[in-house]
Amino acid sequence: MEKREIISKFPRSREQILLILHELQRHNPRNYLEPEDLRLVAEYLDLPLSEVHDTVSFYTMFSLRPRGRHIIRLCDSPPCHLAGSWSLLAALKRELGVEVGETTEDGLFTLELTSCLGVCGVAPAMMIDDEVYGNLDEERLKDILDSYREGK
Ligand code: FES
C-alpha cells in the first residue's frame, strides 16, 4: 500500500501520530521508518519535522535503521531475570549469531531487549512482532524460532 494511502486512513490529528508511525513501520518490510515517512507524517499532521523525529526517537518500538522481518524483544526486567532470561539471551545470541540490536544475516530477525511485557506470571517472556511468548526455555525457544523460519 502506498504511504500516503496508509496515512490518510487516520484522522488528521496530533493524537494519531503513534498509530500512524506504527502502521508505516509495520508496512515496511525492513521494519523501520524512513526519512520520507517522517516527512509525510509531519506534513499530514501539520507538525514540525523535529517533533515527529523526537517522537520516533523517544519510543524504542520505532527504528530509524533497517531491521529484520521479525523483531524479537526479550524481556529484560527483574522477574524475568529471576526466571532465567539471561540464559535465554545467551541461547538467542548463539542461535541467531547476533548481539542485541543486530539483525541476522538472512534479514529474518532483529534481537532487542524490552522492559516488562506485563506477563510476569509466565516469565521468562519475549515478544516476536505482536505476539507474546511465555514460560520459555531453550527448547521452546528453538521451536518458536523454527516456526518463524518456516514462514509463520
Ligand atoms: S518482568 Fe518480564 S514480563 Fe514482566
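Colleague: How many aromatic pairs does the structure hold?
Modeller: This is a predicted model, and the structure holds four aromatic pairs.

Colleague: What is the geometry of the rings of Y59 and F62?
Modeller: Their centres are 6.3 Å apart and their planes stand at 85 degrees, so Y59 and F62 make an edge-to-face pair. The cut-off behind that label is an angle over 60 degrees.

Colleague: Which residues form an aromatic cluster with F62?
Modeller: F58 and Y59 do; together with F62 they form one aromatic cluster.

Colleague: Next, the rings of Y133 and Y148: what are the distance of their centres and the angle of their planes?
Modeller: The ring centres of Y133 and Y148 lie 6.4 Å apart, and the planes are at 80 degrees, so this pair is edge-to-face.

Colleague: Which parts does that pair tie together?
Modeller: Y133 belongs to strand β4 (residues 131-133) and Y148 to helix α7, so the pair links parts that are 15 residues apart in sequence.

Colleague: Are Y133 and Y148 buried or exposed?
Modeller: Y133 is buried, at a relative accessible area of 8%. Y148 is buried as well, with 5%.

Colleague: Changing topic, how many residues has the largest nonpolar core?
Modeller: The largest nonpolar core has 19 residues, and I72, L92, L96 and M126 have the most contacts inside it.

Colleague: Which helices and strands supply at least two residues each?
Modeller: Helices α6 (85-96) and α7 (138-149) do, as do strands β1 (70-75), β2 (109-114) and β3 (126-128).

Colleague: Which of them gives the most?
Modeller: Helix α6 does, with five residues of this core.

Colleague: What other core lies apart from the largest one?
Modeller: Another core of 18 residues lies apart from it, and I20, L24, L38 and L47 are among its members.

Colleague: Finally, what does the domain assignment of the chain give?
Modeller: The assignment gives domain 1 as 3-58 and domain 2 as 70-149.

Colleague: How many Å apart are their C-alpha centres?
Modeller: The C-alpha centres of domain 1 and domain 2 are 27 Å apart.

Terms used. Residues are numbered from 1 along each chain as its sequence is written. This is a predicted model: local features need pLDDT of at least 70, side-chain atom pairs count only at pLDDT 80 or more; totals for chains, interfaces and linings use all residues. Side-chain values use heavy atoms; hydrogens and water are left out. Domain bounds come from an automatic or database domain assignment. A nonpolar core is a set of buried Ala, Val, Leu, Ile, Met, Phe, Trp, Tyr and Cys residues joined through side-chain atoms within 4.5 Å. Buried means under 20% relative accessible area, exposed over 50%, partly exposed in between (1.4 Å probe, protein chains only). Helices (H or I, at least four residues) and strands (E, at least two) are DSSP runs, numbered from the N terminus. Rings of Phe, Tyr and Trp (its six-membered ring) pair if their centres lie within 6.5 Å; planes under 30 degrees apart count as stacked, over 60 as edge-to-face and the rest as tilted.
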